[in-house]
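I am opening this notebook to record what I looked up in the structure.

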2 protein chains.
Amino acid sequence: MNSVRFTAETSSDGVVERDFLVGEIPGVLWAPVSGADHAPIVLVGHNGGMHKKAPGLRARALHTAATWGFTVVAIDAPGHGDRPRTDSDEQARTEIREALTAGDSLRFAAASVRFMASVAERAVPEWQATLDALQALPQIGPDAPVGYGGGISMGTAIGVRLTAVEPRITAAIFGGGFPVDEPVIEAARRITVPVQFLLPWDDEHADRSSGLALFDAFASAEKTLHARPGDHRSVRWVGVDDTFLSRHLVRA
Amino acid sequence: MNSVRFTAETSSDGVVERDFLVGEIPGVLWAPVSGADHAPIVLVGHNGGMHKKAPGLRARALHTAATWGFTVVAIDAPGHGDRPRTDSDEQARTEIREALTAGDSLRFAAASVRFMASVAERAVPEWQATLDALQALPQIGPDAPVGYGGGISMGTAIGVRLTAVEPRITAAIFGGGFPVDEPVIEAARRITVPVQFLLPWDDEHADRSSGLALFDAFASAEKTLHARPGDHRSVRWVGVDDTFLSRHLVRA
């Protein structure tokens, strides 16, 4: 098993940001400077084309660490951020870009589905290896509750597949904003932990009904859909329950 | 103009419950015993077949008065609670009951749509007369912000029509759980105030897509859909933003 190797550390406003490597996987964790040991961990997935420190993701991570005292973890998905791209990754990116430029939404959806499936297939074991390594750290340990902190779009395409096979994850935030294919629906049907689901109501790249079908598929007794006007860049998540993870990850 | 005539008063846990009449319309208001003058007013609609003090409605009203200090008001809809029923009301109730017993969902939906339209047509001017009378009370006055506090089903069938024509209402909670017809969609298109929308995901009496179409129709820039598993009797609104009315009715 690979262990966590920390490579850099900064802190501001009471939150420490620590870059790390687990084998070849570059990651980052945010935690309160004076945080408690064995605090809940929240795994956060970034969007397609983005990386582990994308501004929106980082802002939410800092908020979660500062507000709830959780340890928030992000890793670069395969072919993203500091990761090398395979020839197939390069081809997929070119095809997605060309379809977008041509305004060909069917081709865009088909290419996105294929690329996200390829990324997710590689990302799931990487998240599991990262979680193994994190749990070997004394300040985290095997008993820290684990949640998946979502992100819409690719973060959910990966997270749904991960949560379906990873019993350590006991609550998850997912979202729409991407073309949902049958394997994602199948994975969602195996998920029984509490789910909070965010749906941009006017996404220009994803059919609204596919997001609704994904929410419908979760086998979870405890699930809540929140939809807001906007596409997946402009949507603002005002009025959405900020206590979801703390309600489900903090032990009484 | 009819004025408010108070007919009974009780209080418990710091909230006073005052029955009143405005002309022939029986109503009730809940307010903190030591409440501030000119606090926001929340108008609350009850479900079909229920009345102004239905247990769920009353529990939410007591919570809203105690937590936010608001004045919560409910009135019996035409043909409900202490109100007389017209022959046409009796016929509609019989038809709805027979369709339910027969498991004839199309006939149930058609009869419900007709009955709710008939009730709402009479209820809208009654709510406006009630609001006129309440604003004439010195402790409320013309400047107290006014919200519509919803209730799914008939409370929304009435509330959407009321909010579309009543500029004094500046924020509204609506919901699904009833067969939505074109006049309700048309009314929703005229609504621009902030809307919180509650959708029971598994309603046995209302098509899910009609609830989604109603949410889609609101012209409000600020609107949020919350969906939860359950039908309109069993749904629990856990994780839904409890601060919605206070965010929009309390002046900075």
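Which residues have the most contacts inside the largest nonpolar core, and how many residues does that core have? I found 120 residues in it, and Leu43(A) and Leu43(B) are those with the most contacts inside it. By a nonpolar core I mean a set of buried Ala, Val, Leu, Ile, Met, Phe, Trp, Tyr and Cys residues joined through side-chain atoms within 4.5 Å. Buried stands for under 20% relative accessible area, exposed for over 50%, and partly exposed for what lies in between, with a 1.4 Å probe and protein chains only.

I note that this is a predicted model, in which local features need pLDDT of at least 70 and side-chain atom pairs count only at pLDDT 80 or more, while totals for chains, interfaces and linings use all residues. Residues are numbered from 1 along each chain as its sequence is written, chains are lettered from A and ligands numbered from 1 in the order in which they are written, and side-chain values use heavy atoms, with hydrogens and water left out.

I then looked up the surroundings of Leu43(B), taking contact as heavy atoms within 4.5 Å. Leaving aside neighbours within four places in sequence, I found Leu43(B) in contact with residues including Val73(B), Trp127(B), Leu131(B), Tyr148(B), Leu162(B) and Ile169(B).

H1(B) has 14 residues and reaches 20 Å from its first C-alpha to its last, close to the 20 Å expected at 1.5 Å a residue, where the expected span is 1.5 Å times one less than the number of residues. Leu57(B), Ala61(B), Thr64(B) and Ala65(B) are buried in H1(B). Seen down the helix axis, the buried residues of H1(B) fall within an arc of 95°, so they line one face; the arc is that of the directions from the helix axis to the C-beta atoms. These buried residues pack against strands S2 (15-22), S3 (25-32), S4 (41-44) and S5 (71-75) of chain B, whereas the face turned away from them carries the exposed residues Pro55(B) and Ala66(B). After H1(B) I came to Gly69(B), whose phi is positive, near 75°.

For the aromatic rings, I count Phe, Tyr and Trp (its six-membered ring) as paired if their centres lie within 6.5 Å, with planes under 30 degrees apart stacked, over 60 edge-to-face and the rest tilted. The whole structure holds 14 aromatic pairs over all chains. One of them is the stacked pair of Phe174(A) and Phe218(A), 5.5 Å centre to centre with 10° between the planes. Phe174(A) lies in strand S7 (residues 169-175) and Phe218(A) in the loop between helix H6 (208-217) and strand S9 (223-228) of chain A, so the pair ties together parts that are 44 residues apart in sequence. Both Phe174(A) and Phe218(A) are buried.

Last, I compared the copies, superposed by least squares on the C-alpha atoms of residues with pLDDT of at least 70 in both. Chain A can be laid on chain B with an RMSD of 0.0 Å by a turn of 180° and a shift of 0.0 Å along the axis. The two copies are thus related as by a two-fold rotation axis. In chain A, the C-alpha nearest this axis is that of His226(A), 2.4 Å from it.

Note on methods: Helix = DSSP H or I, 4+ residues; strand = E, 2+ residues; numbered from the N terminus.
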